[in-house]
Amino acid sequence: MRHFAFLAPLAAALAVAGAAAAQPSAVIVTVSPDFAKTAAELGQRDVQQQVDDLTRTVQRTLTARHALDGARIELVITDLKPNRPTIQQLNDKPGLDMMRSISIGGAAVEGTITTATGEVQPVKYDYYSNTLADVQGFTTWQDASTAFDRLARNLAEGRYIKR
């Protein structure tokens, strides 16, 4: 037991030193004013969940890959398309079926990255299924999640623009 008590202060010192060496990136995600009109049709709750999902996905990927440390990443969702009807859409159009109604989904994101050195880089990315046959998975936001994952990987690899 005594050996572990000796290691605790050492582990704490290393954790503090590691935190000082690499500051995590600040990720801010918003919705574009033009898309806000469509967002109301999708439902504010669903859109907010996608904003939160994009924020988490980018933060997690950049932290895991130690990329863009100290950068400020400002992303704007300019378009979201669900693969299945949202709760708001089901309420507005009762003829839709939650499981059998499918569509081509995806997302478009723009923004900027301000690196720790102050350099500003534009960001532009979108991903949509090409056909209904390409729609994979059973969730409402499957293709949007794919778009967010791919955007996060591209940011970590230094590829900021894809369109």
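This is a predicted model: local features need pLDDT of at least 70, side-chain atom pairs count only at pLDDT 80 or more; totals for chains, interfaces and linings use all residues.
Residues are numbered from 1 along each chain as its sequence is written. Local features need pLDDT of at least 70, side-chain atom pairs count only at pLDDT 80 or more, totals for chains, interfaces and linings use all residues, and side-chain values use heavy atoms, with hydrogens and water left out.

Helix 2 spans residues 33–42; helices (H or I, at least four residues) and strands (E, at least two) are DSSP runs, numbered from the N terminus. Phe-35, Ala-39 and Leu-42 of this helix are buried, where buried means under 20% relative accessible area, exposed over 50% and partly exposed in between (1.4 Å probe, protein chains only). They lie on the same side of helix 2 because they cover an arc of only 55 degrees around the axis, the arc being that of the directions from the helix axis to the C-beta atoms. An α-helix has 3.6 residues a turn, so residues three or four places apart point the same way. The face turned away from the buried side carries the exposed residues Pro-33, Asp-34, Lys-37 and Glu-41. Just after helix 2, Gly-43 has a positive phi of about 110 degrees.

The cover over the buried residues of helix 2 includes strand 2, in which Asp-79 is placed (residues 72–81). Asp-79 is buried, with a relative accessible area of 16%. Residues touched by Asp-79 include Phe-35 and Tyr-128, contact meaning heavy atoms within 4.5 Å.
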